[in-house]
Amino acid sequence: MLMIVPCILVGGSGSRLWPLSRKMRPKQFVSVDGEASLIRQTLERMRGGNGAAPLVITGEPYRFMVAEELEQAGIQPQAILVEPEGRNTAPAVLAAAMHLERMDPDALMLIAPSDHRIDDVSAFHAAVDAGIQAAREGKLVTFGVKPDRPETGYGYLELAGPPEPERAQPLVRFVEKPTAERARQMLAKGNYLWNAGIFLFSVQAIMEAFRAHAPQLITPVATALEKANEDLGFLRLNAQAWSGAEDISIDYAIMEKADNLAVVPFDGGWSDLGDWQAVARIMEKDVDGNALSENTLALDCQNTMLRSEDARIQVVGIGLKDILVVAMPDAVLVADHTRAQDVKKAVEMLKANGVPQATEFPGEQRPWGRFECLSKGEGFQVKRIMVKPRGILSLQSHRHRAEHWIILHGTARVTIGDDVKELGRNESIYIPVGEKHRLENPGDDMLILIEVQTGDYLGEDDIIRYEDLYKRC
């Protein structure tokens, strides 16, 4: 049976669903819809059938988060390609194709973003099956979603005639995001589909397309792959060569130029969850059209979304209409429904003003686990730290701060200088300024502790690493 390799793209800035999604943890790694993370949903969709193990293409900041999602899903990937910097989708797809070409140039590549939602997985699998023969014949197959409204936030696909479900059809052209009036006209005409950004083609066909339409990408991407380094299960593309690749999408580089295109219409509850208005659409509504999460209360509100992303925060709306409210422990968004696309603009302004909430969370993922800031003030900071079973932090020291650890759950193995101790629940230990130290979780349970930092500077960059399992600087 012909091998289909899911190639999953994991990147993005995370700004349109701020404050839930941010640069340090974009939307694919969070639960937007109350279910598993979007990347986990994507991985689960790709299981079964004649699909092979996935190939994942991601960026340096997200490699350990990707690895953890794969591990928790019980999936062993073909490879995790790590981009030194984001160069858009065309170089990423080309790198995946070149990597697979070494194994099987006739294999089919199913290109999928990691941050979309699809309600009807069976319908998606049926659409993929419908595109296989066209892909075998050398077509570049894309998947178009039947529109149910005049959406201006999506690109469109123009067909020669009415869409026929589960059948590959000739694609006339790609259409950029339209005006509201143009979107209404296309919806009424009936031969336009939303561009879902999902593709199916053979390795050989897409390589020929790159040689014909984007030859400038071949050399830098090939060199980045040839000089890639294996590192902790990741394949790191060469940074110098990769920087020479043009920053361009697969749509612009290939799809809008190629003449061997086909499209499979698909109607299975797809959404790219590209803004909060899109999220509000998939949430359950009350009789007044309000989309409400837990820990919220709407009084005399209409068509309003209220979301509390923390059980400690109660959100109350009174007399609101067509409003979006998202509350996090460190940031709150309030916007008119029609201005959902402007959230990205607001994030850029926050970044320009040096506001940390623009990109960072009070808690952050690490390869060994995660932490969250509970309290911070002049000369002190309190964190809750969670270390995965057999997780090991680096051997390190700090120039400006001392630390006091109190164990809440599990067992901690602590190295301070030449001394190694094991601590259990309710035990504590003090680490002076400048002392070399390391924290490990030798057990099978999550290690949870409180860290109290004191000093004249408490930034995350006040760290000197001497040994690190994860090879960080």
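1. Asp322 is partly exposed, with a relative accessible area of 28%. Here buried means under 20% relative accessible area, exposed over 50%, and partly exposed in between, with a 1.4 Å probe and protein chains only. The phi of Asp322 is positive, about 60 degrees, although Asp322 is not a glycine. The residue sits in the loop between β17 (315-318) and β18 (323-328). Helices (H or I, at least four residues) and strands (E, at least two) are DSSP runs, numbered from the N terminus.

2. A note on the source of these values. This is a predicted model, in which local features need pLDDT of at least 70 and side-chain atom pairs count only at pLDDT 80 or more, while totals for chains, interfaces and linings use all residues. Residues are numbered from 1 along each chain as its sequence is written, and side-chain values use heavy atoms, with hydrogens and water left out.

3. Asn426 also has a positive phi, near 75 degrees, and is a residue other than glycine. It is found in the loop between β26 (419-423) and β27. Asn426 counts as exposed, at 66% relative accessibility.

4. Another backbone feature is the cis peptide bond between Trp18 and Pro19, where omega is about 10 degrees. Pro19 belongs to the loop between β1 and α1 (38-45).

5. How buried is strand β2 (residues 55-59)? Of its 5 residues, 5 are buried, so β2 is largely enclosed by the rest of the structure. Leu55, Ile57 and Gly59 point one way from the strand, while Val56 and Thr58 point the other way. Strands β1 (residues 4-10) and β2 run parallel and are joined by 4 bridges; two strands pair if DSSP finds at least two bridges between them. Val10 stands opposite Thr58 in β2. Strand β3 (residues 79-83) also runs parallel to β2, with 5 bridges between them, and Ile57 faces Leu81 in β3.

6. Helix α2 (residues 63-73) has 8 of its 11 residues buried, so this helix too is largely enclosed by the rest of the structure. Among the buried residues are Arg63, Glu68 and Glu69, along with Phe64 and Leu70. Gly74 follows α2 and has a positive phi, near 70 degrees.

7. In helix α7 (residues 218-226), the buried residues are Ile218, Pro220, Val221, Ala222, Ala224 and Leu225. They pack against α3 (89-101), α6 (203-213), β11 (234-236) and α8 (239-242); contact means heavy atoms within 4.5 Å.

8. An open sheet of 6 strands has the order β20-β21-β22-β29-β24-β27, and the pairing is antiparallel. Strands β20 (363-366) and β27 (428-431) stand at the edges with a single partner strand each, so one side of each has no neighbour in the sheet. From one strand to the next, the twist averages 20 degrees; axes are lines fitted to C-alpha atoms, for helices over the stretch in contact, and angles run from 0 to 180 degrees between N-to-C directions. Within this sheet, 8 bridges join β21 (residues 369-377) to β22 (residues 380-387). Glu372 stands opposite Arg384 in β22.

9. Side chains of opposite charge can pair when their charged atoms come close. A salt bridge is a side-chain nitrogen of Lys or Arg within 4 Å of a carboxyl oxygen of Asp or Glu, and the whole structure holds 30 of them. One joins Asp33 and Arg117, at 2.7 Å from N to O. This pair links distant parts of the chain, 84 residues apart: Asp33 is in the loop between β1 and α1, and Arg117 is in strand β5 (residues 117-118). Both Asp33 and Arg117 are buried.

10. Glu158 and Arg173 form another salt bridge, at 2.5 Å from N to O. Glu158 counts as buried at 12% relative accessibility, whereas Arg173 is partly exposed at 38%. Glu60, Arg63, Asp231 and Arg236 are linked in a network of salt bridges.

11. Not counting residues up to four places away in sequence, Asp272 touches Lys27, Asp115, His116 and Tyr154.
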